[in-house]
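Open the model in your viewer and keep the selection tool to hand.

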Amino acid sequence: MIKHLSAYLTSSFIKRRIKNIELFMRYPIETQNKLLINQLISHAKNTEFGKKYRFNDIKKYKQFSKIVPIYTYSNLKSKIKRIRRGEKNILWPGKVKWFAKSSGTTDTRSKYIPVTDLSMHKCHYKAAKDMLSIYIHNHPETNIFLGKTVRLGGSHELCKKHGTFYGDLSSILIKNMPFWANNICVPKKKIVLIDEWEKKIESIIKETVFKDVRVIFGVCSWLLIFLKKILKLFPKKKINEIWPNIEVIFHGGVSYIPYIPQYNEIFGNKINYYDVYSASEGFFAIQDKKNTRDLLLLLNHGIFYEFIPLEEINKTNPKIISIENVELYKNYALVISTNAGLWRYIVGDTVKFTNISPYRISISGRTTHYINSFGEELIVENAEKAINKACLKTNSIVHEYTAGPVYMNEDKSGSHEWIIEFKKYPKNFFDFRNILDEELKSLNSDYEIKRYKDMILRPPIIKVVRNGLFYDWMKYQKKLGGQNKIPRLSNDRRYVDSLLKMNDDNEIKTII
């Protein structure tokens with residue numbers, strides 16, 4: 001069966017999907033406008049939301065942008081609460097059974113994002129098929145379907161009173177996965193959906209370690225923990241010794257850049273890495289070229305895109321543009337309307353366009369994950385690149401990190417405090433700190449200005465913490481596994497102080 005599946009996927013199926021991808025790449029504006037009017041608005045015109053905003057009268061994007069306001073989760077929370085109680089035809093036609101419980105940060109507030117049957121099949125699964133099609137198209141010699149795919153998923157639980165389910169997005173997709181996908185994936189559903197993360201990992205290892213694994217899919221930070229645990233349990237130095245045919249890792253959720261040295265350490269032979277941009281709200285983009293980090297924006301997968309220039313995000317009436325008017329290398333907050341009933345919804349991510357023919361993006365950060373306490377506008381993209389350069393120049397490896405502000409007082413100017421857990425220490429911590437500082441200056445002119453003569457910002461403060469602190473912190477927060485992520489930057493000290501409270505003062509090395 002697997003051989004027949006492989007032959008099928010590498011022939012007419014692949015050609016058809018690649019042709020469809022090339023079509024929206026060639027006609028992006030037409031594709032997006034048609035999707036908005038003929039699919040989204042037409043489908044939802046008789047819902048409570050559609051009637052309120054006169055969807056019957058909307059024929060063009062300009063009308064849509066004037067009539068429908070921007071929404072955040074807090075604006076939609078009451079409507080989603082009604083949908084979770086079983087009410088129909090609120091944001092999208094019919095009843096919604098599944099809700100992705102979003103906890104991408106350690107924020108204690110949970111979001112319940114609707115996942116309709118249409119969004120499941122015409123967004124998430126469709127994008128996953130295109131991801132595989134692109135990979136096979138780029139690597140025609142591949143044999144990935146002759147082996148197994150390891151998947152790390154979240155958990156879900158039944159809201160019995162109303163007959164709706166909620167859980168990590170990955171658990172919802174695994175629960176409803178088509179039969180052909182289940183046949184090539186390990187472990188079994190009952191194992192991958194185990195609620196307790198550490199028990200799940202042990203069970204997944206037992207189930208997969210003796211299989212012919214060729215593909216791994218998941219969030220790269222949690223995958224790394226999983227792979228390292230395998231190497232601890234078995235007398236092998238490299239993952240390739242356990243899975244000699246492993247070929248590719250499809251990863252998303254967090255930036256891969258900080259983890260590159262650690263992945264290079266545990267793989268003996270070169271493998272392929274393909275990045276994806278998937279969230280609870282939708283599957284947005286796929287890496288479509290070899291050895292690149294920018295992602296092809298998916299324009300025909302049930303999502304209409306708009307963008308808010310980052311400098312406008314906190315304004316009462318921010319400037320909002322369609323994809324037709326975006327500029328290269330400018331930071332935008334992502335706004336989406338979807339076939340799950342999210343309308344002009346601010347996702348919380350920021351992106352930059354690296355190409356506009358076709359439209360390719362890089363993820364630059366979060367609208368809430370930055371440091372701008374002194375006007376420096378430091379974003380996650382700056383931090384990732386600077387940390388990576390500091391590691392390369394000092395021959396060190398950072399396992400995890402986060403940063404926050406140190407506020408000004410009467411005696412001192414402000415600073416940034418970096419909490420860093422090293423996998424491999426630099427020989428000289430001051431060199432690491434100084435390189436990090438210089439790289440941030442070169443990447444961010446606002447940061448450089450604020451650092452001038454230490455008048456507003458002093459050099460960064462580095463606090464080196466014990467190994468395992470970030471893992472223990474996430475465990476304490478009940479955020480192990482799934483799509484949970486360690487926040488890289490914060491404009492306040494909540495994450496920094498919370499981490500330091502869990503670390504013995506005697507175990508902290510401070511570089512000022």
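Select Cys-123 first: it is buried, at 2% relative accessible area, where buried means under 20% relative accessible area, exposed over 50% and partly exposed in between, with a 1.4 Å probe and protein chains only. This is a predicted model, in which local features need pLDDT of at least 70 and side-chain atom pairs count only at pLDDT 80 or more, while totals for chains, interfaces and linings use all residues. Residues are numbered from 1 along each chain as its sequence is written, and side-chain values use heavy atoms, with hydrogens and water left out.

**Cysteines**

The structure holds zero disulfides, a disulfide being a pair of cysteine sulfur atoms within 2.5 Å. For Cys-123, the nearest cysteine sulfur belongs to Cys-185 and is 18 Å away. Now select Cys-220, which is in no disulfide either; its nearest cysteine sulfur is that of Cys-391, 15 Å away. Cys-220 is buried, with a relative accessibility of 1%.

**Cavities**

Switch to a cavity display. Rolling a probe the size of a water molecule over the atoms shows where empty space is left. The structure holds three cavities of 30 Å³ or more. Here a cavity is a set of points, on a 1 Å grid over the protein atoms alone, where a 1.4 Å probe fits but cannot get out; lining residues have an atom within 4 Å of a point. Grid points are joined across faces, edges and corners, and a volume is the space filled by probe spheres set on the points.

The largest cavity has a volume of about 780 Å³. To centre the view on it, select Ala-128, Met-131, Leu-173, Met-177 and Phe-217, which lie nearest its centre among the 41 lining residues. Elements that each supply at least two residues of this lining include helix H7 (117–138), helix H8 (169–175), strand S7 (213–219) and strand S9 (272–279). Helices (H or I, at least four residues) and strands (E, at least two) are DSSP runs, numbered from the N terminus. H7 gives the most to the lining of the largest cavity, six residues. By class, that lining has 25 nonpolar, 12 polar and four charged residues. Ala, Val, Leu, Ile, Met, Phe, Trp, Tyr, Cys and Pro count as nonpolar, Asp, Glu, Lys and Arg as charged, and the others, Gly among them, as polar.

The second largest cavity holds about 40 Å³ of space. Select Ile-83, Trp-92, Val-96 and Ala-340, which are among the residues that line it. Six nonpolar, two polar and two charged residues make up this lining.

**Helix H15**

Next, select residues 380–394. Asn-395, which follows H15, has a positive phi near 55°.

**Tyr-305**

Move to strand S12 (residues 303–309), where Tyr-305 is found. Tyr-305 is buried, with 0% relative accessibility. Leaving aside neighbours within four places in sequence, the contacts of Tyr-305 include Gln-32, Phe-283, Leu-298, Ile-323 and Val-335, contact meaning heavy atoms within 4.5 Å.

Most residues other than glycine have a negative phi, and most peptide bonds are trans. Select Val-186 and Pro-187: the bond from one to the other is cis, with omega near 0°. Pro-187 sits in the loop between strand S6 (185–186) and helix H10 (189–192). A cis bond also joins Ser-357 and Pro-358, with omega about 5°, and Pro-358 is in the loop between S15 and S16.

Arg-344 is not a glycine, yet has a positive phi of about 45°. It lies in the loop between strand S14 (332–338) and S15, and is buried at 2% relative accessibility. Lys-453 is in the loop between helix H17 (445–450) and strand S21 (461–464), and is exposed at 64% relative accessibility.

Terms used:
On a 1 Å grid over the protein atoms alone, a cavity is a set of points where a 1.4 Å probe fits but cannot get out, and a pocket is an open set with protein on both sides within 12 Å along at least five of seven lines; lining residues have an atom within 4 Å of a point.
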